[in-house]
Amino acid sequence: MKAKDDPALATLEPADWPDSGRRRRSIWAAVWPGLSAIALVLVIWEAVVLTGWKPEYVLPPPTTVLAELGGFLLDSKFWLAVSITLLRALVGFSLALAIGTGLGIAVSASRVLRAALGSLLTGMQTMPSIAWFPFAILLFGLTENAIGFVVVLGAAPSIANGLISGIDNVPPPLLRTAKVLGARGLTLYRYVILPSALPTYVAGLKQGWAFAWRSLMAGELLVIIANRPSLGVQLQYFREFANAPALIAMMIVILVLGMAFDAVFSRLAAVVRRNRGLGETRL
Amino acid sequence: MSPAPALTVNEVSKVFTDTQVPTVALKDASLEVAEGEFICLLGRSGCGKSTLLSMIAGLASPTSGAIDTHGNRVGMMFQDANLFPWLTVRGNIELALRLSGIPKPEWDGRVQDLLAMVELPDAGQKRPHQLSGGMRQRVSLARALAQECRILLMDEPFASLDALTRDTLHEEIARVWAQRGLTIVFVTHNVREAARLADRVVIMSPSPGRIVDEVPIGLPRPRRLEQPEVAAASGKLRELLDHYDLKAA
Ligand SMILES: Nc1ncnc2c1ncn2[C@@H]1O[C@H](COP(=O)(O)OP(=O)(O)OP(=O)(O)O)[C@@H](O)[C@H]1O
Ligand SMILES: [Mg+2]
């Protein structure tokens with residue numbers, strides 16, 4: 001007898017059945033709002049172009065831009081630009097991760113450091129990263145280091161703050177329980193405080209990534225280094241040559257890359273939350 | 001000959017000074033608990049039961065007086081199970097084993113034994129949020145036992161459970177207590193629970209929190225909540241509580 005025919009199970013919701021059709025439907029349910037939004041944007045864009053508000057060499061129609069985008073994918077120079085930008089992002093973010101995490105632990109553990117740096121870290125988060133560049137260029141010249149410096153400054157405070165608030169918000173009952181179980185000092189940190197802080201830390205990472213990506217794009221527009229054709233440099237270059245289709249195509253690339261990494265962090269956050277039964281907060 | 005004491009509370013007071021007016025949460029409490037004894041602390045809200053328990057657990061220190069646990073390891077269960085949500089049931093118990101310095105090769109066997117003891121042999125891979133309230137308290141009990149405590153402090157551990165589940169857990173705790181020869185200090189404001197479980201009921205009274213009386217419960221075990229003797233004993237406890245309340249007012 002198949003399980004489905006079992007009368008005892010007949011009252012179960014259809015949602016309980018592992019059914020490949022259902023899975024296909026649920027993927028569709030997750031994807032269609034995004035797809036329709038994109039379609040809507042394309043339609044509006046096309047409509048605006050058709051009104052003749054701006055000449056086509058300034059505001060090209062979607063088809064031209066998409067053709068340009070397709071052309072990018074076959075162009076080795078484009079892939080070089082992508083790899084230069086991504087490498088900068090990853091190196092900068094990794095540094096910010098190390099610095100922000102270290103700073104977060106230090107500040108949360110030491111009363112003196114907290115008094116000294118706590119509000120400064122929050123303040124740093126509100127500082128527009130582009131405001132750092134004149135100083136960074138003064139310090140490092142038009143170099144990779146100037147860009148890296150600002151990327152780290154943009155991302156590290158968010159990461160540190162995420163960790164600090166995670167550590168500050170460990171539920172007191174869990175701390176009491178851990179102490180009765182014999183956890184003290186470093187052991188308490190390693191086995192209780194840090195794991196408990198993880199969801200907030202991951203939220204900080206996600207925000208840190210967003211800041212790093214923005215700082216990086218600002219940096220690539222301002223700090224142009226010879227023979228380093230990054231995405232930002234390409235953007236600048238297309239503007240100078242008034243190549244609107246390529247310019248918009250490049251913006252789409254930057255948007256998609258940023259979203260892709262953001263999705264990775266969202267996924268990570270969702271897994272962490274689901275493991276703890278926190279569910280996803282829908283607003 | 002009376003058995004050796006497992007826990008001695010000597011003239012302990014606790015004053016909280018972080019409030020607007022200093023609060024005397026506990027005044028001159030003295031108590032001696034014998035090895036293997038099951039004590040219930042009974043009293044109304046705010047009479048210092050949790051305060052006393054957390055001082056015995058070493059989570060807070062007395063303002064005056066002294067507490068001696070005679071070298072016994074102390075475990076504690078709270079009203080909420082307080083399982084670590086990022087760990088599985090097995091992970092929660094293993095953390096307790098790790099923190100007690102029990103060598104890793106023994107963990108598997110011990111986890112199995114403990115889970116069997118609380119009648120959850122197959123729950124090891126579950127996450128705390130996937131368990132019912134009663135199951136969570138069972139895991140919490142298993143975790144407390146994992147650290148091989150000799151004194152188990154329980155702060156209204158079953159207060160948030162339904163009557164049926166509580167009844168099962170009463171049976172379980174009485175069984176574990178007898179099997180392991182534990183010394184238990186159990187906080188409750190439920191007279192029937194006290195009469196059902198305790199060898200001796202310590203009655204406390206609020207403002208200021210203090211110990212006002214002790215009542216031995218000599219009923220044979222196993223006991224059941226429905227027994228007329230248990231009902232009679234809880235009636236007597238209720239009268240005593242009311243009596244001390246009137247006196248306080
Ligand atoms: N951290 C604290 N700071 C200030 N006052 C406190 C603190 N903890 C407890 N108190 C006070 O001490 C008194 C005793 O509190 P306690 O929690 O020990 O009562 P309890 O007997 O456990 O009550 P319940 O049955 O409601 O749990 C109360 O008046 C409470 O307000
Ligand atoms: Mg209490």
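Predicted model: local features only at pLDDT ≥ 70, side-chain atom pairs only at ≥ 80, totals over all residues.
S50(B) places a polar side-chain atom 2.7 Å from an oxygen atom of ligand 1. For G46(B), a backbone N or O atom is found 2.8 Å from an oxygen atom of the ligand. E156(B) also takes part, with a polar side-chain atom 3.3 Å from an oxygen atom of ligand 1. How much of the ligand does the protein bury? On its own, ligand 1 exposes 630 Å², and the protein buries 64% of that area.

Attention now turns to the meeting of the two chains. On one side 19 residues of chain B take part, and they are in contact with 18 residues of chain A. Between them, the two chains bury about 1700 Å², with carbon and sulfur atoms giving 71% of this area. Which kinds of polar pairing are found here? Zero salt bridges are counted between chain B and chain A, while three residue pairs are in polar contact across the interface, both partners being at pLDDT 80 or more. On the side of chain B that touches chain A, strand 5 (74-77) and helix 2 (89-99) are the elements that each give two or more residues. Of the elements of chain B, helix 2 gives the most to this side, with four residues. The residues on this side of chain B comprise twelve nonpolar, four polar and three charged.

Side chains of opposite charge can pair when their charged atoms come close. Over all chains, the count comes to 18 salt bridges. One of them joins R88(A) and E220(A), whose closest N and O atoms are 2.9 Å apart. R88(A) belongs to helix 3 (residues 76-109) of chain A and E220(A) to helix 8 (residues 185-222) of chain A, so this pair ties together parts that are 132 residues apart in sequence.

Most residues other than glycine have a negative phi, and most peptide bonds are trans. Where do the exceptions lie? One is the peptide bond between S207(B) and P208(B), which is cis with omega of about -10°. P208(B) sits in the loop that links strand 8 (200-205) and strand 9 (210-216) of chain B. Another cis peptide bond runs from R221(B) to P222(B), and its omega is near -5°. The loop that holds P222(B) lies between strand 9 and helix 7 (228-248) of chain B. E119(B), a residue other than glycine, has a positive phi, near 60°. This residue, E119(B), is placed in the loop between helix 3 (107-117) and helix 4 (133-146) of chain B.

Notes:
Residues numbered from 1 in each chain as written. Chains lettered and ligands numbered in written order. Heavy atoms only, no water. Polar contact = N/O pair within 3.5 Å; in protein donor to acceptor, adjacent residues only side chain to side chain. Areas by Shrake-Rupley, 256 points an atom, 1.4 Å probe, with all protein chains shown as cover. Contact = heavy atoms within 4.5 Å. Buried area = accessible area lost by both parts, 1.4 Å probe. Salt bridge = Lys/Arg side-chain N within 4 Å of Asp/Glu carboxyl O. Nonpolar A, V, L, I, M, F, W, Y, C, P; charged D, E, K, R; others polar.
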